[in-house]
Amino acid sequence: IAKEDDLSNLTKGFSSRLFDLVKCDALAIRWTDEANQRYFLDGGSNLPESISDNEHCLTTGSCYCGSSQESGEVKVINFNKHLEIDRLCVKEGFATLVTLPVALQNKLMGEVDIFFKKETVIDSEQKSLLLTLANHLAGALEAQKIKALEKEATISEERSLLARELHDSIAQSLAFLKLQVGLDRK
């Protein structure tokens with residue numbers, strides 16, 4: 001995870017490994033905006049089309065998905081199929097949703113949503129493991145951001161160096177032309 005340079009590949013790799021590890025029925029990874037007002041679906045494993053098409057962008061708190069907080073709490077939601085029949089996840093036959101905040105140093109970056117068709121109980125050890133994995137994902141995302149900033153700084157430095165060289169070269173040429181014009185007048 002830490003070696004991945006591409007966000008899409010990072011998301012795909014993490015979701016497929018976590019999907020296999022927890023033996024879930026579907027999994028979604030969502031990134032949040034800076035203000036934590038929206039969650040954007042970036043990928044997942046075995047997500048039904050209805051969810052991937054209709055929940056590409058969620059307003060925070062509009063659904064169980066997209067409701068993580070910086071607190072770092074793993075939430076396990078067992079749906080009441082009779083009361084929550086309008087929810088897409090219930091329509092798709094899911095009975096339990098586990099949400100993992102993806103956070104680094106109390107800064108929420110996103111959420112991992114794990115769906116189960118059977119009602120599922122997650123004990124404290126499993127929650128701890130899942131939260132640790134989500135923290136590794138957050139660290140990998142932060143590493144990608146740092147690499148991108150370093151690359152941007154390198155490009156900016158190269159442009160600045162090129163601009164100085166061009167400026168010096170043009171200034172030198174203008175000084176030479178001024179000297180030539182001054183000699184031609186005499």
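Begin by selecting Asp 113, which counts as buried at 0% relative accessibility; keep in mind throughout that the model on your screen is a predicted one.

For a contrast in setting, turn to Glu 34 and Lys 107, whose side chains meet in a salt bridge with 3.4 Å from N to O. Glu 34 is in the loop between β1 and β2, and Lys 107 is in strand β6, so that the pair links parts 73 residues apart. Here Glu 34 counts as exposed, at 66% relative accessibility, and Lys 107 as partly exposed, at 37%. The count for the model comes to four salt bridges.

Next, switch to a cartoon view and follow the open sheet, in which six strands stand in the order β3-β2-β1-β6-β5-β4 with antiparallel pairing. At its edges are β3 (57-59) and β4 (75-78), each of which pairs on one side only. On average, neighbouring strands of this sheet are turned by 25 degrees against each other, direction ignored. To look at one pairing in detail, select β1 (residues 26-32) and β2 (residues 38-45), which run antiparallel and are joined by six bridges; Ile 29, for example, has Gly 43 in β2 as its bridge partner.

Now bring in helix α1 (residues 7-22), which lies across β1, β2, β5 (96-104) and β6 (107-116) and runs at about 145 degrees to β1.

From there, select the largest nonpolar core, which has 22 residues, those with the most contacts inside it being Leu 18, Val 98, Leu 100, Val 102, Val 112, Ile 114 and Leu 137. At least two residues of this core come from each of α1, β1, β5, β6 and α4 (124-185), and α4 gives the most, with six residues. Centre the view on Leu 100 and, leaving aside its neighbours within four places in sequence, you will find among its contacts Leu 18, Val 74, Val 112, Ile 114, Leu 130 and Ala 134. A second, separate core of 18 residues includes Leu 47, Ile 51, Cys 89 and Leu 97.

Finish with the cysteines, where the count comes to zero disulfides. The sulfur of Cys 57 is 13 Å from the closest cysteine sulfur, that of Cys 63, which is too far for a bond. Cys 65 is likewise in no disulfide, and the nearest cysteine sulfur, again in Cys 63, is 4.6 Å away. Cys 57 counts as partly exposed at 40% relative accessibility, whereas Cys 65 is buried, with a relative accessible area of 1%.

Technical notes. Residues are numbered from 1 along each chain as its sequence is written. This is a predicted model: local features need pLDDT of at least 70, side-chain atom pairs count only at pLDDT 80 or more; totals for chains, interfaces and linings use all residues. Side-chain values use heavy atoms; hydrogens and water are left out. A disulfide is a pair of cysteine sulfur atoms within 2.5 Å. Buried means under 20% relative accessible area, exposed over 50%, partly exposed in between (1.4 Å probe, protein chains only). Two strands pair if DSSP finds at least two bridges between them. Helices (H or I, at least four residues) and strands (E, at least two) are DSSP runs, numbered from the N terminus. Axes are lines fitted to C-alpha atoms, for helices over the stretch in contact, and angles run from 0 to 180 degrees between N-to-C directions. Contact means heavy atoms within 4.5 Å. A nonpolar core is a set of buried Ala, Val, Leu, Ile, Met, Phe, Trp, Tyr and Cys residues joined through side-chain atoms within 4.5 Å.
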